[in-house]
Amino acid sequence: MSYVAPTKKDVEAPIEAKIHRIRITLTSRNVKNLEKVCSDLINRAKDKQLKVKGPVRLPTKVLRITTRKTPCGEGSKTWDRYELRIHKRLIDLHSPSEIVKQITSINIEPGVEVEVTIQQ
């Protein structure tokens, strides 16, 4: 009896969704809201049993503006100093892109910006 190679009809490959590397970037001026969104995203990803790395805390950008208090330039030389702090977090996921839509469908706190990039 001779060996007969299986044809394409005989072999059924399981259909799997392609796994992508997904990077979620969160930026905000309020640290409390930012950390809450991070923990919600990570908890939902772990519930789906995905591989999660993060949150990676990136350095805070501090934007400073120093301006004179007096509008006309007369009087004592007094200055106002204003600061705007921007906090940033990175979360990396390894999952199909359909599941990321389910994970990111949470209520996002006001003032938190979410950017999702998908890499092959």
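**Close-up 1. I65 in strand β2 of the predicted model.** I65 lies within strand β2, which covers residues 51–68. The residue is exposed, because its relative accessible area of 53% is over the 50% cut-off. Leaving out residues up to four places away in sequence, I65 touches D80, R81 and Y82. E83 is 18 residues from I65 in sequence, and the C-alpha atoms of I65 and E83 are 6.5 Å apart.

**Close-up 2. T25 in strand β1.** Strand β1 runs over residues 20–28 and includes T25. With a relative accessible area of 11%, T25 is buried, since the cut-off for that class is under 20%. When neighbours within four places in sequence are set aside, the contacts of T25 are K88, R89 and L90, together with E113, V114 and E115.

**Close-up 3. Secondary structure of the chain that holds strands β1 and β2.** The chain has 2 helices and 4 strands. Along the sequence these elements follow the pattern β-α-β-β-α-β. Of the contacts between residues at least 6 apart in sequence, 73% join residues at least 24 apart.

**Close-up 4. Surface and burial in the chain.** The chain has 120 residues, and 22% of them count as buried; T25 is buried, whereas I65 is exposed. The accessible surface of the chain is about 9400 Å². Carbon and sulfur atoms account for 51% of that surface.

Methods: Residues numbered from 1 in each chain as written. Predicted model: local features only at pLDDT ≥ 70, side-chain atom pairs only at ≥ 80, totals over all residues. Heavy atoms only, no water. Buried < 20%, exposed > 50% of the residue type's maximum accessible area, 1.4 Å probe, protein only. Contact = heavy atoms within 4.5 Å. Areas by Shrake-Rupley, 256 points an atom, 1.4 Å probe, with all protein chains shown as cover.
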